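These are my notebook entries on a structure that I had not examined before. I set down what I looked up, in the order in which I looked.

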Amino acid sequence: MNIQEKYNIEETVNTFSLCPKKPSLAMSWWFLAGIIAGILILSFFDYRLDEAMRWAIYILMGYFVLHSLYDIQIGSKIRYTFDAKENAVFKSSPLQAKRKIMKLDEIVIFVHSEMGSWYYALGAQKRQFIKSYIISESFSSGKKSETKQEAYENFVLTKIDKLQASVIKKTETQNQ
């Protein structure tokens with residue numbers, strides 16, 4: 001699967017959009033299948049657990065099912081659109097209409113790390129650590145992850161950088 005299919009990328013002359021959580025869709029399906037298998041297995045050993053423990057496990061399993069369904073139905077369909085014509089970055093999801101989250105000429109893309117893995121995040125200048133948005137899958141150490149990271153940097157980050165540079169250049173020429 002190439003990077004355009006992996007992130008569901010759509011691009012025109014002035015726009016570039018991607019779904020950063022789409023690569024984790026397969027993992028969410030497997031996680032959901034594992035939870036359902038766990039519930040089925042647990043139902044066979046239901047009589048060995050006391051009632052409080054049984055309810056606690058079922059509630060926890062129910063939460064994991066809902067979280068997986070959210071990731072599958074909503075999280076994987078969140079789309080970020082970088083629009084040079086409007087100098088804006090938009091976020092859209094199945095639950096929200098397209099809304100502007102920041103100006104394109106003010107974005108900062110940085111690395112955010114969590115528990116041994118890291119991802120690229122998007123934030124506004126001088127506020128990137130207060131409010132940021134995940135714009136890539138998680139990367140870790142290893143050859144396979146380095147290959148994914150390199151492909152992401154060479155395609156996605158390059159396209160975003162070119163759009164941002166065109167907006168900054170356009171703004172500078174208007175101010176002169």
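I call a residue buried under 20% relative accessible area, exposed over 50% and partly exposed in between, using a 1.4 Å probe and protein chains only. Helices (H or I, at least four residues) and strands (E, at least two) are DSSP runs, numbered from the N terminus. I note that this is a predicted model, in which local features need pLDDT of at least 70 and side-chain atom pairs count only at pLDDT 80 or more, while totals for chains, interfaces and linings use all residues. Residues are numbered from 1 along each chain as its sequence is written, and side-chain values use heavy atoms, with hydrogens and water left out.

**Entry 1: helix α2**

Which residues of α2 are buried? I found S28, L32, I35 and L42. Seen down the axis of α2, these buried residues fall within an arc of 90° (taken from the directions from the helix axis to the C-beta atoms), so they line one face of the helix. On the other side of α2, I recorded M27, W30, L40 and F44 as exposed. The buried residues of α2 pack against α3 (51–73), where contact means heavy atoms within 4.5 Å.

**Entry 2: the sheet**

I looked up an open sheet of 3 strands, ordered β6-β7-β8, with antiparallel pairing; two strands pair if DSSP finds at least two bridges between them. β6 (107–114) and β8 (132–134) stand at the edges with a single partner strand each, so one side of each has no neighbour in the sheet. From one strand to the next, the twist averages 35°. Axes are lines fitted to C-alpha atoms, for helices over the stretch in contact, and angles run from 0 to 180 degrees between N-to-C directions.

I then followed β7 (residues 117–124), which 3 bridges join to β8. L122 stands opposite Y133 in β8. Helix α4 (residues 143–175) lies across β6 and β7, and runs at about 5° to β7.

**Entry 3: the cores**

A nonpolar core is a set of buried Ala, Val, Leu, Ile, Met, Phe, Trp, Tyr and Cys residues joined through side-chain atoms within 4.5 Å. Which members of the largest core touch the most other members? Of its 28 residues, they are F16, F82, Y152 and V156. β2 (15–18), β3 (79–83), β5 (99–102), β7 and α4 each supply at least two residues, and α4 gives the most, with 7 residues. A second, separate core of 5 residues includes L32, I35, M61 and V65.
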